[in-house]
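Subject: The structure I promised you

Hi,

Here is the structure I said I would pass on.

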Amino acid sequence: MQASTCMEGWLMNDAYRTSDKILMTAIDLMSEKGYDATTTKEIAAAAGVNEVTLFRHFGSKQKLLETAFERYSYEEEMTEVFQESLQWELYEDLLLISRTYHKIMNRNRKLLYMALKGSSKEIYQKAGRLPQHLRTLLTRYFAVMMDKKKLSTPHLEMTVFSFMAMNYGAFFSADDGKEALPEQTLDEFIEESVRLFARALTP
């Protein structure tokens, strides 16, 4: 029984590694050529598998890309920050949120850039779930900070939008989003912008 369980675990891990390899290869190719111009045959060949294996794992090219957004989404990671890592001090919390946001966005830069530059409506909608989720988390956080008398703003929703736009703009500021800002430049921007933002909102 134990040997059978170990074998099942090995097979599952091996399948996950194969699917992950296919996903990463697809993201690389599609970010270069575009979603429509990239074929499943090309993806399979570049990933070192046959096309049958690709279809067995994902079923279709669109499902492959949908799976990529689900697997590399920042929803779970960002939610964990809000649930477990906040200090309920405005500057420190916003600094952590901004740094986490940019770390995740830069890690998934090719995937996000590809979604924005052209793919199916369904893929675009999936990409749109990410900022919607962050907006919800930030709105709740700012509301609690207002209750704690640690934040003051006459327009909660506009404040959330401004904070997100500030970080989103920095993410796409280098080479139209294709390349990341230099690490030192980005960190300096995050620290200074968060300092100004926190100062403006502190009662």
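Helix 2 and helix 3 (residues 51-58) have axes that come within 8 Å and cross at roughly 105 degrees. An angle from 65 to 115 degrees counts as roughly perpendicular, so that is the word for how helix 2 sits relative to helix 3. On the helix 2 side, the contact is made by T40, K41, I43 and A44, and helix 3 brings in E51, L54 and F55. Sorted by type, the residues of this contact come out as four nonpolar, one polar and two charged.

The loop between these two helices holds N50. With a relative accessibility of 44%, N50 counts as partly exposed. If you want a distance to check on your screen, take N50 and T40: they are 10 residues apart along the chain, and their C-alpha atoms are separated by 9.6 Å.

Now the overall picture. Please keep in mind that this is a predicted model. Of the 203 residues in the protein, 40% are buried. Among contacts with a separation of 6 or more, 74% come from residues 24 or more positions apart. The protein exposes about 11700 Å², and 54% of that is supplied by carbon and sulfur atoms.

How far does the confidence go? The average pLDDT of the protein is 82, and 79% of the residues score at least 70. Confidence is highest in helix 2 (residues 40-47), at a mean of 94, and lowest in helix 1 (residues 2-33), at 65. Over residues 1-12 the pLDDT is below 50, and that stretch has one contact in the model beyond near neighbours in sequence. I would read that part of the picture with this in mind.

Next, a residue I kept coming back to: M78, which has its place in helix 5. Is M78 buried or exposed? Its relative accessibility is 0%, so M78 counts as buried. And which residues does M78 touch, leaving out those up to four places away in sequence? They are I97, T100, Y101, I104, L134 and L137. For I97 there is also a distance: M78 and I97 are 19 residues apart in sequence, and 7.9 Å apart in space from C-alpha to C-alpha.

T100, one of the residues that M78 touches, belongs to helix 6 (residues 90-107). T100 is at 8% relative accessibility and therefore counts as buried. Leaving aside residues up to four places away in sequence, T100 touches M78 and V81.

Most residues other than glycine have a negative phi. W88 is not a glycine, yet its phi is positive, near 60 degrees. You will find W88 in the loop between helix 5 (75-84) and helix 6. W88 counts as partly exposed because its relative accessibility is 29%.

The other one is K149, again not a glycine, with a positive phi of about 65 degrees. K149 lies in the loop between helix 8 (121-147) and helix 9 (156-171). Its relative accessible area is 68%, so K149 is exposed.

S152 lies in the loop between helix 8 and helix 9 as well. Is S152 buried, partly exposed or exposed? At a relative accessible area of 44%, S152 is partly exposed. What does S152 touch, not counting residues up to four places away in sequence? The answer is L201 and P203. S152 and L201 are 49 residues apart along the chain, while their C-alpha atoms are separated by 5.3 Å.

Cheers

How values were computed
Residues are numbered from 1 along each chain as its sequence is written. This is a predicted model: local features need pLDDT of at least 70, side-chain atom pairs count only at pLDDT 80 or more; totals for chains, interfaces and linings use all residues. Side-chain values use heavy atoms; hydrogens and water are left out. Buried means under 20% relative accessible area, exposed over 50%, partly exposed in between (1.4 Å probe, protein chains only). Contact means heavy atoms within 4.5 Å. Accessible areas come from the Shrake-Rupley method with a 1.4 Å probe; for residues, only the protein chains shown count as cover. pLDDT is the predictor's confidence in each residue, from 0 to 100. Helices (H or I, at least four residues) and strands (E, at least two) are DSSP runs, numbered from the N terminus. Axes are lines fitted to C-alpha atoms, for helices over the stretch in contact, and angles run from 0 to 180 degrees between N-to-C directions. Angles under 35 degrees count as roughly parallel, over 145 as roughly antiparallel, 65 to 115 as roughly perpendicular and the rest as oblique. Ala, Val, Leu, Ile, Met, Phe, Trp, Tyr, Cys and Pro count as nonpolar, Asp, Glu, Lys and Arg as charged, and the others, Gly among them, as polar.
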